[in-house]
Amino acid sequence: MMVQSVSGLAARAVNEGHGDEMVWVTVEDNVDVEDWLARLLRRQPQLEMRGTFAPWELVDRYEKRGLIKGYVLYRADHSKGELNEHRPGMDCSVNVATSLAGLLDAIIVDEQLEAEAKAHGLKMLMDVRDKTQAWCFERYKDRFNRRMVCTQDPRKPNVRDLAIAQKSLVVYGYAEPVPAIMKWLEPLSPILGWNGGDEFKTTRMSTVAGHIQTSTDWCMNLPVLMAGTETAGSTGARAFDPRTIDWKDTRSAVSFVDTDGDNVDWSEGDFFRARNSQNYWANPDRGKLPFGWSCCFAHLAQLCPEAIEYAVASQSANDSFIEWGGGYYYPDQFGLDRPNRWELLARHAQRTWALMKQNNTRIIGFNVTQHDSPDALKAYEVFARQTDGLLAILVFQYYPYEGGAGRIFWVKDRNGIELPVITARYSIWEHANTRPRAGTPAKIARVIRQSVENTPRDDGPRYDWVIVHAWSWFKKAPGEDENAEDMPQQDAAANGGQSIYGPATWCAERLPGSIRVVRPEELVWRIRMKHNTEQTARLIRGWTP
């Protein structure tokens with residue numbers, strides 16, 4: 001916790017023009033995060049490494065430079081319960097301390113470390129062990145940044161450096177002052193960290209106020225990684241060329257797309273090469289199966305462009321990147337508590353589309369509460385009207401993901417070009433075989449086959465997509481038993497379970513030759529050609545890489 005505050009104060013000094021050093025906290029067990037630093041140093045060769053320091057050496061270094069004026073004292077949380085729960089009796093004084101650190105030029109110090117802080121000549125600027133988050137907000141809200149807030153479990157040290165650097169308020173839970181803070185924030189503000197509790201309730205709370213969740217609660221070193229990104233730009237993904245489509249092939253087709261790509265800390269620290277990444281990007285079979293990877297490139301372009309650089313450099317001809325919303329929110333409920341909700345969604349769409357063009361991603365995924373509600377239909381229209389070249393919107397419901405059953409709606413971009421809004425028809429989801437179009441890879445392969453077989457000839461071919469739940473684990477089980485691939489989810493990875501790419505591959509292997517697996521872009525172009533042949537053919541003739 002304390003080192004996070006030192007890093008935050010150093011970054012704030014750089015932001016304000018009276019410092020020239022930032023602090024990198026080494027993450028020894030994460031090859032990705034350390035590689036992002038190496039790539040950053042290559043991208044910005046003017047940067048220099050000035051040494052490695054122990055925590056209290058850093059404190060002494062920045063106290064001498066006048067960046068640290070003292071400390072704020074807090075008490076560590078020892079409530080019973082798991083991380084990300086809203087535990088009874090939580091001690092959130094560390095959140096109060098973190099909030100005030102950027103205002104008081106203070107590091108945050110656990111009461112167990114106070115003697116050492118005093119030994120280093122620091123004075124206590126404030127004792128917040130008995131102060132509440134509500135007290136902090138009411139007393140200091142005029143001094144906090146109104147364009148960002150951090151929601152963070154008091155046990156997690158992560159991302160506090162960025163909160164301090166940006167003078168952002170740090171809170172946790174559903175009780176006041178959190179609802180009041182969501183209203184107080186300027187619309188379209190990013191929500192750092194993660195507010196735990198129930199996922200839907202957490203995301204809806206920020207959604208209706210017109211804010212964007214970033215899922216950054218495990219992120220490390222963001223102040224360093226995002227330095228200079230406003231002028232750095234980012235590498236664009238390799239585009240799919242629709243001119244390569246074999247239109248003589250009239251077989252039905254499906255695409256697979258994974259979930260949760262809007263999770264920034266997953267992309268920063270666990271997706272590409274670290275920990276469980278062999279189920280994701282590091283799967284040794286990646287590239288054999290056409291696959292759509294949901295992603296948060298719109299956020300990474302601002303927070304960690306090195307991750308995009310690596311993704312694009314290692315992208316195979318069968319890998320597609322699908323921007324997942326431009327952050328986590330529910331488009332059909334966005335800004336519901338604001339008088340100008342649709343204007344806010346349009347502004348978010350403009351920002352997101354500009355970043356999508358920069359990153360060369362042309363399909364966006366939406367997580368909605370009800371796929372065919374009037375508000376959802378309006379949200380599709382509003383978003384599409386801000387774009388000029390968006391290929392499609394892929395839609396899934398919060399529950400069940402496959403609730404749209406493959407239904408397609410049509411909207412127009414700013415140039416009047418029709419584009420499809422395509423709902424997920426199937427979902428690969430653990431222990432869900434009781435749902436008609438959800439379940440194990442084996443079950444989904446059968447349902448896909450039967451859907452194609454039961455489609456009247458005049459309505460074919462079928463073009464659908466399968467959403468693959470990122471946190472559902474399965475074991476490979478050849479044979480006819482559709483329940484055999486299910487397994488206990490606790491410690492599934494340690495017990496040989498696989499998620500995302502492996503299960504999608506097993507499903508594809510069970511499909512007959514009469515059903516092709518294609519990249520999402522090809523699926524979209526085929527849907528568009530089937531719907532409006534003249535317009536689609538004209539767009540393909542004029543397509544440029």
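How much space lies in the second largest pocket? About 1,000 Å³ of space lies there, in a predicted model in which local features need pLDDT of at least 70 and side-chain atom pairs count only at pLDDT 80 or more, while totals for chains, interfaces and linings use all residues. Residues are numbered from 1 along each chain as its sequence is written, and side-chain values use heavy atoms, with hydrogens and water left out.

A pocket is an open set of points on a 1 Å grid over the protein atoms alone, with protein on both sides within 12 Å along at least five of seven lines, whereas a cavity is a set of points where a 1.4 Å probe fits but cannot get out; lining residues have an atom within 4 Å of a point. Grid points are joined across faces, edges and corners, and a volume is the space filled by probe spheres set on the points.

Of the 34 residues that line the second largest pocket, W218, D260, N263, D265 and W471 are the closest to its centre. The lining of this pocket divides into 16 nonpolar, 9 polar and 9 charged residues, where Ala, Val, Leu, Ile, Met, Phe, Trp, Tyr, Cys and Pro count as nonpolar, Asp, Glu, Lys and Arg as charged, and the others, Gly among them, as polar. Helix 12 gives the most to this lining, with 4 residues; helices (H or I, at least four residues) and strands (E, at least two) are DSSP runs, numbered from the N terminus.

Helix 12 (264-269), strand 9 (291-295) and helix 13 (297-303) are the elements that give two or more residues to the lining of the largest cavity, and strand 9 gives the most, with 3 residues. The residues of this lining, among them W266, F271, W293 and F321, divide into 9 nonpolar, 3 polar and no charged.

The second largest cavity has a volume of about 60 Å³, and its lining includes D262, W324, Y328 and F396. By class, this lining has 6 nonpolar, 4 polar and 1 charged residues, and strand 11 (residues 363-368) gives the most to it, with 3 residues.

In helix 16 (residues 374-384), the residues A376, A379, Y380, V382, F383 and A384 are buried, that is, under 20% relative accessible area with a 1.4 Å probe and protein chains only.

Conventions. Buried < 20%, exposed > 50% of the residue type's maximum accessible area, 1.4 Å probe, protein only.
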